[in-house]
Amino acid sequence: MTTEQILSVIRDELARLAPEIDFDSADRNRPIQQEFDIDSMDFLNFITALHARLGVNVPEADYTKVATIAGAQTYLLPRTPN
Amino acid sequence: MPSLGADMEAATLIEWLAKPGDKVKRGDVIAVVETQKGAIEIEVFEDGVLEAHVVAPGAVLPVGAVMARFRGAGEAAAAMPAAAPPPAPTPTAPKPPPPTEAPPPRRAPPAAGPRASPAARRLAEEVGVDLASIAGSGPGGAITREDVAARAQVSAGKKPAGFDFTAMRRAIAAAMGRSKREIPHYYLSHTIDIGAAQDWLAAANAQRPPAERLLMGALIIKAVAKAAREFPEFNGFHVEDEFRPSEAIHVGVAIAIRGGGLAAPAIHDTADLALADLMTRMRDLVARVRAGRFRSSEIADPTITVTSLGDRGVDAVWGVIYPPQVAIVGFGRIVVRPWVVDGQVTARPTVCMTLAADHRVSDGHRGALFLERTGQLLANPGEL
């Protein structure tokens, strides 16, 4: 999967959780929970969606690595099928 | 029209989901109404047959108004033209009675053509609304211009399942204003070491795929529910100058809604749910509340409320009791603090729990024991 495809999945799922926030103007290096004003339930739904759509099971211990959009892209890229 | 909370006076029927002649079971969703809290699914209170719709979608109905004629299982199919069986306002006992100031049920429009003001007739013609589809709110059930306007708005598809934030703000203002006027709150706080619960959660979630993971919120709600079973004076309703404890424990969960406002619908029989089931219910409830759709029994009958603002980064939250409930338990964020364990200062994850309770019903001494018990339950998460 390409970086663009992964970004598109992240964009879709965050739009579902926080429809009023403009993804393109969001800071990709700030924590998603703050940037998109989402709580732990929303964040778990985000992780669940990544698992369902990309097949990547992010363990809780790695939540800090996917806490930002940039971090999530870097983390997910090598773990998705080509 | 059942009472869906102390602050509710009326609601608009959006759609019928059961037709005349349908057999329905207790808990089936038969209609959707729009209230200040958003769209709510109305559940039927007993098994039976829906005989007839009395009002049509678009009707604005006060609490207590007859919506449909219903025949309970075992009742004869006798024609009952005027006297519809009164629907119970809530499904479980003991139940909060409808507010004493509730307006009396209004009569449905007479069969021989609805009564309507001239202005109402003109507007109905202009916007193409059938007067027969409207339950009038004027004197003697007459249809007013406002009734027609309300119906027209609904017909025009004015986002029936969304939120009206102005109305929600008013609903919160009414309930919280009443709480602060009528309920003599007392407040307690208790900070506990939450490390055992965090460790237990991390171990449990390590084995689970994301869809089955648990959140601290589930442990918290379960602990409060179990403690409430041992301290019944925090679980129930204060109505008509007396406290009516509730046998059932339905913990209301305060859920923030994007854009403003909140709702605190119940998770039924919380103390009896396994953590995994409780978590599933929470996920489902949060999703539905944020989509603006929940069920009548969820909104009407929480027996105690939990509010957790930990995710928002504050150390403690001092709740305002949702009348006619008598207690609200608050949880702040998890903070690593210097903590003394076995005579040594060490860094531990801690959480500040608070209790706001109704002093007409309980005293600080019992409140302290209740809060302490909740903390003990969280210290032994394997037994939750």
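In the predicted model, Arg213(B) lies in the loop that links helix 4 (195-206) to helix 5 of chain B. Arg213(B) is classed as buried because 21 other C-beta atoms fall within 10 Å, the cut-off for a buried residue being 20 or more. When its neighbours within four places in sequence are set aside, the contacts of Arg213(B) are Leu44(A), Asn205(B) and Arg208(B), so that this list includes a residue of chain A as well as residues of chain B. The C-alpha atom of Arg213(B) is separated by 48 Å from that of Ile134(B), a residue 79 positions away along the chain. As for the two chains as a whole, 12 residues of chain A are in contact with 12 residues of chain B; on the side of chain A that touches chain B, 5 of the residues are nonpolar, 4 are polar and 3 are charged.

Helix 5 of chain B, which spans residues 216-230, packs against helix 6 of chain B, residues 275-290, at an angle of about 110°, and the two axes are 9 Å apart. On the helix 5 side of chain B, the contact is made by Gly217(B), Ala218(B), Leu219(B), Ile221(B) and Lys222(B), which meet Leu275(B), Leu278(B), Met279(B) and Met282(B) of helix 6. By class, the residues of this contact comprise 7 nonpolar, 1 polar and 1 charged.

A helix pair was also examined in chain A, where helix 1 (residues 3-17) and helix 3 (residues 40-54) pack at an angle of about 140° with their axes 10 Å apart. The crossing of helix 1 and helix 3 of chain A is right-handed. From helix 1 of chain A, Ile6(A), Val9(A), Glu13(A) and Leu17(A) take part, and they meet Asp42(A), Asn45(A), Phe46(A), Ala49(A), Arg53(A) and Leu54(A) of helix 3. This contact in chain A contains 6 nonpolar, 1 polar and 3 charged residues.

Among the strands of chain B, strand 1 (residues 10-16) runs antiparallel to strand 6 (residues 60-62), to which it is joined by 3 bridges, with Ala11(B) standing opposite Leu61(B). Strand 1 of chain B is also joined by 4 bridges to strand 3 (residues 29-35), again in an antiparallel arrangement, and here Leu13(B) stands opposite Val33(B). An open sheet of 3 strands is formed in chain B in the order 2-5-7, with antiparallel pairing. Strand 2 of chain B is held to strand 5 (residues 48-53) by 2 bridges, and the bridge partner of Val24(B) in strand 5 is Gly48(B).

A further loop position in chain B is Val326(B), which is placed between strand 16 (304-308) and strand 17 (327-331). Val326(B) counts as buried because it has 28 C-beta neighbours inside 10 Å. Beyond the residues up to four places away in sequence, Val326(B) touches Phe234(B), Gly236(B), His238(B), Phe243(B), Ile321(B), Ala357(B), Asp358(B) and Val361(B). Although Val326(B) and Ile183(B) are 143 residues apart in sequence, their C-alpha atoms are 8.2 Å apart in space.

Key. Residues numbered from 1 in each chain as written. Chains lettered and ligands numbered in written order. Predicted model: local features only at pLDDT ≥ 70, side-chain atom pairs only at ≥ 80, totals over all residues. Axes fitted to C-alpha atoms, helices over the stretch in contact; angles between N-to-C directions. Contact = placed C-beta atoms within 7 Å. Nonpolar A, V, L, I, M, F, W, Y, C, P; charged D, E, K, R; others polar. Pairing = 2+ DSSP bridges. Buried ≥ 20, exposed ≤ 12 C-beta atoms within 10 Å, placed from the backbone. Left-handed = near helix turned anticlockwise from the far one by under 90°.
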